[in-house]
Amino acid sequence: MCMVIMSGFSTVKYSTSARSAIVIERTTGRIFFERNADEKLPIASTTKILTAITVIENTDDLNKEVVVPDEAVGTEGSSIYLKHGEKLRIIDLLYGLMLRSGNDCAVALACVTSGSVSDFAYMMNTVARNAGAVNSHFVNPHGLQHEEHYSTARDLAAISAYAMRNDIFRRIVSTERYTDCPYEGEDYNRDMRNKNKILNMLEGGNGIKTGYTKVAGRCLVSSACRDGKEVICVVLSCGPMFEESCDLINNAFEELGVRSND
């Protein structure tokens, strides 16, 4: 689908194969493009955007060392392979969550923050509503498939814009590599490289989170900042998610009159 927007003397063409998408300016909420932006869909690991900001807002000391809960060990899907009884700082788990999309980190953070996954899901929904999400419902911290776990492109954009106001969240999602997270009982650390290619594919790329399940397809929330202006893009069920997100964001910057240095 394509949409043409007139801006001054230029014509900006937006196109995506995504089932659902939206592109906004973070600080103003201006919408540059949307497609099926209110369709309720599974969102896979982009869920972890909300997980991270919920933990950050409800934790007094992110450097606190915690014992990995048994519930987190062996969580299916992407993982940083947490061990029973392992001790890590909460900030380490947040990096594992956002850079490596660790589902085990998601469960650990949920249990450490609120005592259980179900209690943490309640907190997530509260934070989502505070961020302006009105058509979403979350039942877990990782985004593994559940029929009652869903969001929309518009809501994800709102949650992401809200999260990106937090300096700690911004620092985490813009980090390309994190090596400060230890293995229990080992003399070397985990080497976490960010799965989000936007950070080095796109000028000014500074976040945010990838996601994939068979049901949700390839999902991406991305962001970039140029000349003090920041654009957030959400694409859900989009095969070429990185390439199309780059094009959509570049088009939005053209609308804003911000030229690329490339």
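The model is a predicted one, in which local features need pLDDT of at least 70 and side-chain atom pairs count only at pLDDT 80 or more, while totals for chains, interfaces and linings use all residues. Residues are numbered from 1 along each chain as its sequence is written, and side-chain values use heavy atoms, with hydrogens and water left out.

Along the principal axes, the C-alpha atoms fill a box of roughly 60 × 40 × 30 Å.

Of the 262 residues, 56% are buried, where buried means under 20% relative accessible area, exposed means over 50%, and partly exposed lies in between (1.4 Å probe, protein chains only). The accessible surface comes to about 11300 Å², and carbon and sulfur atoms hold 45% of that surface. These areas come from the Shrake-Rupley method with a 1.4 Å probe, and for residues only the protein chains shown count as cover. Among contacts with a separation of 6 or more, 61% join residues 24 or more positions apart; contact means heavy atoms within 4.5 Å.

The interior comes next. A nonpolar core is a set of buried Ala, Val, Leu, Ile, Met, Phe, Trp, Tyr and Cys residues joined through side-chain atoms within 4.5 Å. The largest such core has 63 residues, and Leu94, Met98 and Phe169 touch the most other members. Helix H2 (residues 90-99) supplies the largest share of this core, with eight residues. Beyond its neighbours within four places in sequence, Leu94 is in contact with Ala52, Val55, Ile56, Leu62, Leu109 and Ile172. A second, separate core of 24 residues includes Leu202, Cys238, Met241 and Cys246.

Helix H5 (residues 153-163) is largely enclosed by the rest of the structure, because nine of its 11 residues are buried. Among the buried residues of H5 are Asp155, Ser160 and Tyr162.

Cys181 sits in strand S7 (residues 177-182) and is buried, with a relative accessible area of 0%. Residues up to four places away in sequence aside, Cys181 touches Leu88, Asp92, Asn189, Arg190 and Met192. Cys181 and Met192 are 11 residues apart in sequence, and their C-alpha atoms are 8.3 Å apart in space.

Some backbone details are also worth a look. Gly207 and Ile208 are joined by a cis peptide bond, with omega of about 10°, and Ile208 belongs to strand S9 (residues 205-213). Asp227, which is not a glycine, has a positive phi of about 50°. This residue is in the loop between strand S10 (217-226) and strand S11 (229-236), and Asp227 counts as exposed at 67% relative accessibility. Ser237 also has a positive phi, near 55°, in a residue other than glycine. Ser237 is found in the loop between S11 and helix H8 (241-255) and is partly exposed, with a relative accessible area of 31%.

How values were computed:
Helices (H or I, at least four residues) and strands (E, at least two) are DSSP runs, numbered from the N terminus.
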